[in-house]
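Please keep the sequence and the structure at hand while reading.

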Amino acid sequence: MLFPTLEFGLFFLLVYAASWALRDRLLPRKLLLLAASYFFYGYWDWRFLGLLALSSALNYLAGAALGRTADKRRAKLIVTGAVSANLIILGFFKYYGFFLDSLTDLLLLLGIQRDLPLLEIILPIGISFFTFQGISYVVDLYRGQIKPVASPLDLFLYISFFPQLVAGPIVRASHFLPQLNKTPTLGAASFSYGLILILSGLFKKTILAHYLAVDLVDPVFFSPSDYSTLDLIGAHYAYAIQVYLDFSGYSDIAIGVAALLGFRFRKNFDRPFSAISLAQLWQRWHISLSTWLRDYLYRALRGEKKESSVLLTYRNMFLTMLLGGLWHGAAWTFIIWGGIHGLALVAERHIKRHVHWPAAAWQRHLSPVIGWFVTFHVFSLAAIFFRSPDMHIATSYFSSMLAFSPGIDRFTPLMLVLVSGVVAVQFLPANALERLAARGQSLPAVLMGLIFGSAIMFMEAIGPEGVAPFIYFQF
Amino acid sequence: MKTQTEQKAGHRRVVIRGYVVFAVSIALLLVFNSAKLRSAVRDYPANWATDRLVLAADEWHGWMGRLGADQLAPGLRAPFEAFREWRWPS
């Protein structure tokens, strides 16, 4: 069930009414939200409901075992087993085909022809997100940052809660579980903020990301050699913006829907294209994944030592980004994308350590501009690999871009307005939406309904028939 | 500090406010966007219930058409499409 559909609208209205009717009865409310979440997930493919339940049961049992043991070695064994089991499930669905194809190619190179066991594996939607949440639960328990859940229901709901189930944000158990066990309230500010986030997310996804994709990005990336240099330059900017709009749009709707049900989720994107360094961009982009990688992957690579050598720090930064690339997909294009970001982050850190910038006033003003320009271009150029279905298209894109062929066909005035408009909005104050929500909360309900309805009607009027799945569903 | 009763009353007002907001929005969409409703219900697999839904949506769209309410969406789309088709001078 996609967010911007009639089905989801009706589903949400029923859940909203029922969950608030059960506000004072925590157990029935949790059961309702769990049933709604399983219905939401099963609407795509009911066959994967068992996998969702298995993942939840696995982490619940590991958590219960961790809660019962005081022996550090045994606890380490349990957490290693639980994390490995989570990763094996994720790895099987995500990487089986990739490794089998790579192994077949390698064997052929060596002159060996073997019939390997081919399986047509469908990637269960949202598998990465619920696996990451499961891992964060058992690791946080092991680190003593949280206590085991009192009831399996809490953990099953934490793993499957429908607003963030299929594409994040990745919610931490320490943030979500306490919210489950207190009587929820819906404040006027939260309600208004939830509505604004839903509108913002719908607009980003159904209008902005959609037209960037269908009018420019999709055709140009389908056959880059057919387009002029200006179209190719425009399309690579447009794709960076499209991914941001698509993904942050989903996050906005998820956080907004959760807010209307009385749950508070943290921001997942914070104007990443206003960043003046790559490190800053990654602190603002898909914040829940970046912090997850920092806390569970980078920290695991670094080990218990807080201080490590510069070279080890660089290695860990690079490996974190490389594995982050591999998480996006089992393809060389994603690995190269991760590698570019890893190298660029290392280079940036190295330059900051060793190059001392001149202190003249004009240079102090200029350096953020240069920093922004370089950051945006590293991100958008690397995104060519991210978007290309294979290495052939990626190399063709770069060579066509450097061919300096004249003309401009797809990068229309509308595309220019969308790209530059989205970048300009990134420089608004961080709390612009919250301020808008604070103003909206005092409006009469009927007027608020007219504004909300008119905004949706406007999007329906200029938007497409139907809606494409969110890009991050595939991850 | 608000008492628990005041908090509960405040919370209930917001939840009811939510019902009003959603009701007004749905009414607005039903009146001015009946074409999208009609096309959405046509996408459902055909059966006894969806056949009736399609008939009802058709009839509703017909009424809105007679009132002229179905002209708003195309009116909004036309200038957007004109801008979308606009090209740089060659």
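## Helices H2 and H3 of chain B

H2(B) and H3(B) cross each other in a left-handed sense. In this predicted model, the two helices, which span residues 34-42 and residues 48-67 of chain B, pack with their axes 9 Å apart and at an angle of about 165 degrees. Because angles over 145 degrees count as roughly antiparallel, H2(B) is described as roughly antiparallel to H3(B).

On the H2(B) side the contact is formed by Ser34(B), Ala35(B), Leu37(B), Arg38(B), Val41(B) and Arg42(B), while H3(B) contributes Thr50(B), Leu53(B), Val54(B), Ala57(B), Asp58(B), Trp60(B), His61(B) and Met64(B). Sorted by class, the residues in this contact are eight nonpolar, three polar and three charged.

## Helices H6 and H8 of chain A

In chain A, helix H6 (residues 152-160) and helix H8 (residues 173-180) have axes that come within 10 Å of each other and cross at roughly 125 degrees, and the pair is therefore oblique. The crossing of H6(A) and H8(A) is right-handed.

Asp154(A), Leu157(A) and Tyr158(A) of H6(A) meet Ala173(A), Phe176(A), Leu177(A) and Leu180(A) of H8(A) in this contact. By class, the contact of H6(A) with H8(A) holds six nonpolar residues and one charged residue, with no polar residues.

## Gly262 of chain A

Gly262(A) lies in the loop that runs between helix H10 (229-260) and helix H11 (278-284) of chain A. Although it belongs to a loop, Gly262(A) counts as buried because 22 other C-beta atoms lie within 10 Å, where the cut-off for a buried residue is 20 or more.

When neighbours within four places in sequence are left aside, Gly262(A) is in contact with Pro184(A), Thr185(A) and Leu186(A). Leu180(A), which also takes part in the contact between H6(A) and H8(A), is 82 residues from Gly262(A) in sequence, and the C-alpha atoms of the two residues are 9.7 Å apart in space.

## The contact between chains A and B

The two chains meet through 29 residues from chain A and 28 residues from chain B. On the side of chain A that touches chain B, at least two residues each come from helix H1 (6-21), helix H9 (188-222), helix H17 (413-425) and helix H19 (445-462). H19(A) gives the most to this side, with 14 residues.

By class, the side of chain A that touches chain B comprises 21 nonpolar, six polar and two charged residues.

Key
Residues are numbered from 1 along each chain as its sequence is written. Chains are lettered from A and ligands numbered from 1 in the order in which they are written. This is a predicted model: local features need pLDDT of at least 70, side-chain atom pairs count only at pLDDT 80 or more; totals for chains, interfaces and linings use all residues. Axes are lines fitted to C-alpha atoms, for helices over the stretch in contact, and angles run from 0 to 180 degrees between N-to-C directions. Helices (H or I, at least four residues) and strands (E, at least two) are DSSP runs, numbered from the N terminus. Angles under 35 degrees count as roughly parallel, over 145 as roughly antiparallel, 65 to 115 as roughly perpendicular and the rest as oblique. A crossing is left-handed if the near helix is turned anticlockwise from the far one by less than a right angle, and right-handed if clockwise. Two residues are in contact if their C-beta atoms, placed from the backbone, lie within 7 Å. Ala, Val, Leu, Ile, Met, Phe, Trp, Tyr, Cys and Pro count as nonpolar, Asp, Glu, Lys and Arg as charged, and the others, Gly among them, as polar. A residue is buried if 20 or more other C-beta atoms lie within 10 Å of its own, exposed if 12 or fewer, and partly exposed in between; C-beta atoms are placed from the backbone.
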